[in-house]
Amino acid sequence: MSVNRWLSGVEAPVSGVEAPVSGVEATDIKNIYMTITPYKNSKSGKKEQIAEMFDNIAPKYDFLNHFLSFGIDKSWRKKVIKILKKYQPKTIIDVATGTADLAIMASKLNPDKITGIDISAQMLSEGWGKIIKKQQEDKIELVQCDSESIIFEDNSFDAGMVAFGVRNFENLDKGLKEINRVLKPGAPLVVLEFSKPKQAGIKQLYAFYSKHILPAIGKSISKDNAAYSYLPESINLFPEDSLFLKRLEDAGFINVKQRKLTFGIASIYLGIKA
Ligand SMILES: C[S@@+](CC[C@H](N)C(=O)[O-])C[C@H]1O[C@@H](n2cnc3c(N)ncnc32)[C@H](O)[C@@H]1O
C-alpha cells in the first residue's frame, strides 16, 4: 500500500475493535475504547484522569514526544499543515492543542488567528511559554476548554485540526460533533492520530516497542507510572481506519479519507464539514 495515498471510506481496511466478543453488545464494542483509562484504581472518570495525566507529564511531554518517536512526529505534523495550506484558512482551531506544537506550526499558513483548546492547564501553560518565546501572542490564543463542550459559537472557524487528541476524548462522537459545530460549512478537519501497522515484521516490532520499551522509558522520564502504559493500550482499542472515517461521517463530515504515515504507525484523516 502506498504511504502517501488517500484511502476513502470504502477502500480503507477495517480494523480495530469490531470483532465480535461473546457476551458484549455491539454498542459496547463500538465504545470499548472509552473504558481505557490511565489510572486503573482511580474513581474519577476518563476525562478527569486524562487531564490529571497530562498535567503530570506536561513538563516532560515535548521531550518524550520527540524522543520516543525518533523525531518523526514533527514530520507528521508538517503534513497536517501542508494539507491545510490548500484551504488558506484565516481562522483555525487546534483541538487538544496540548503544548501547542501544531498551533505554532500553523502560523506558517499566515492565518489571522489560531485558537488552541485543551483541558489540561499544565499542557497549556507549557504551550504558552513557547508562544511567548516565539512572540506569537498576537496570533495564537490558548483556551482551557473541553472539546466535548466547546465555548465557541457555531460556524466560527475556517479549519480545524487535532493531533493525538481524539484517542483521549471521553466521548469521541460528542467531541467530533462539537468540532463540526464550530467549523464553517466547507471547512476541513484534519486529524492526526496513532494507528497500528499491519505489515508483518513491522507489526511485531512496533508491538514490542510500544508494549515494553515505550512504557519503560516514558515511566522513568515522566515519573508518571501509568501514562506511557495507557498510550499503547489506548492505541490498541481506538477505532481506526474505516471505523474512524465512519465516526467522522456520523459527526457531519463528508469526503472523509485517510492517509497512512510511516508504515501505518500514524494516520491522517480528513473530512469536510457538510
Ligand atoms: C497526546 S496530547 C496531544 C497534544 C498536541 N496536540 C500534540 O500534538 O502534541 C493529547 C492532549 O489532548 C488533551 N485532551 C484530552 N481530552 C480532551 C478534551 N476532552 N478536551 C480538550 N483537550 C483534551 C489532553 O489534555 C492533551 O493535552
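# Close-up views of the predicted model

**View 1. The end of helix α9.** Helix α9 is followed by Gly252, whose phi is positive, near 105°. Helices (H or I, at least four residues) and strands (E, at least two) are DSSP runs, numbered from the N terminus. This is a predicted model, in which local features need pLDDT of at least 70 and side-chain atom pairs count only at pLDDT 80 or more, while totals for chains, interfaces and linings use all residues. Residues are numbered from 1 along each chain as its sequence is written. Within α9, Asp241, Ser242, Phe244, Leu245, Arg247 and Leu248 are buried (20 or more other C-beta atoms within 10 Å of the residue's own; exposed means 12 or fewer, partly exposed in between, with C-beta atoms placed from the backbone). The cover over these buried residues of α9 includes α6 (172–182), β7 and β8. One of the buried residues of α9 is Leu248. Leaving aside neighbours within four places in sequence, Leu248 is in contact with Leu176, Phe253, Val256, Tyr269 and Gly271 (contact: C-beta atoms, placed from the backbone, within 7 Å).

View 2. The open sheet has 8 strands in the order β1-β7-β8-β6-β5-β2-β3-β4, with mixed pairing (strands pair if DSSP finds at least two bridges between them). At the edges stand β1 (6–8) and β4 (140–144); each has a single partner strand, so one side of each is left without a neighbour in the sheet. From one strand to the next, the twist averages 20°. Strands β5 (residues 159–163) and β6 (residues 188–194) pair in the parallel sense over 4 bridges. Ala163 stands opposite Leu192 in β6. Helix α3 (residues 72–85) packs on the sheet and touches β5, β6, β7 (253–261) and β8 (266–273), and its direction makes about 165° with that of β6. Helix α9 (residues 241–250) also packs on the sheet, where it touches β7 and β8, and its direction makes about 155° with that of β7. Such angles run from 0 to 180 degrees between N-to-C directions, along axes fitted to C-alpha atoms, for helices over the stretch in contact.

**View 3. Strand β6 and Val190.** In β6, 7 of the 7 residues are buried, so the strand is largely enclosed by the rest of the structure. Pro188, Val190, Leu192 and Phe194 point one way from β6, and Leu189, Val191 and Glu193 point the other way. Val190 lies in this strand, β6, and Met161 stands opposite Val190. Val190 counts as buried because 22 other C-beta atoms lie within 10 Å. Beyond four places in sequence, Val190 is in contact with Val80, Ile83, Leu84, Met161, Ile268 and Leu270. Val190 and Ile272 are 82 residues apart along the chain, and their C-alpha atoms are separated by 8.9 Å.

**View 4. The nonpolar core.** The largest nonpolar core has 65 residues, and those with the most contacts inside it are Val80, Met161, Val190, Leu192, Leu248 and Tyr269. Helix α2 (residues 46–68) gives the most to this core, with 7 residues. A nonpolar core is a set of buried Ala, Val, Leu, Ile, Met, Phe, Trp, Tyr and Cys residues joined through C-beta atoms within 7 Å.

**View 5. The shell around the ligand.** There are 23 residues around the ligand, and Ala96, Gly98, Ser120, Ser147 and Ala163 come nearest (a residue is near if its C-beta atom, placed from the backbone, lies within 6 Å). The elements that give two or more residues to this shell are α2, α4 (101–106) and β3 (113–118). Helix α2 gives the most, with 5 residues.

**View 6. Two loop residues with positive phi.** Most residues other than glycine have a negative phi. Ala100, not a glycine, has a positive phi of about 70°. Ala100 sits in the loop between β2 (91–95) and α4 and counts as buried, with 26 C-beta neighbours inside 10 Å. Asn110, not a glycine either, has a positive phi of about 55°. Asn110 sits in the loop between α4 and β3 and counts as exposed, with 11 C-beta neighbours inside 10 Å.

**View 7. Lys198 in its loop.** Lys198 is in the loop between β6 and α7 (202–222). Lys198 counts as partly exposed because it has 15 C-beta neighbours inside 10 Å. Apart from its neighbours within four places in sequence, Lys198 is in contact with Lys203 and Gly264.

**View 8. Confidence along the chain.** The protein chain averages a pLDDT of 90, and 91% of the residues score at least 70 (pLDDT is the predictor's confidence in each residue, from 0 to 100). Over residues 14–24, pLDDT stays under 50.

Key: Two residues are in contact if their C-beta atoms, placed from the backbone, lie within 7 Å.
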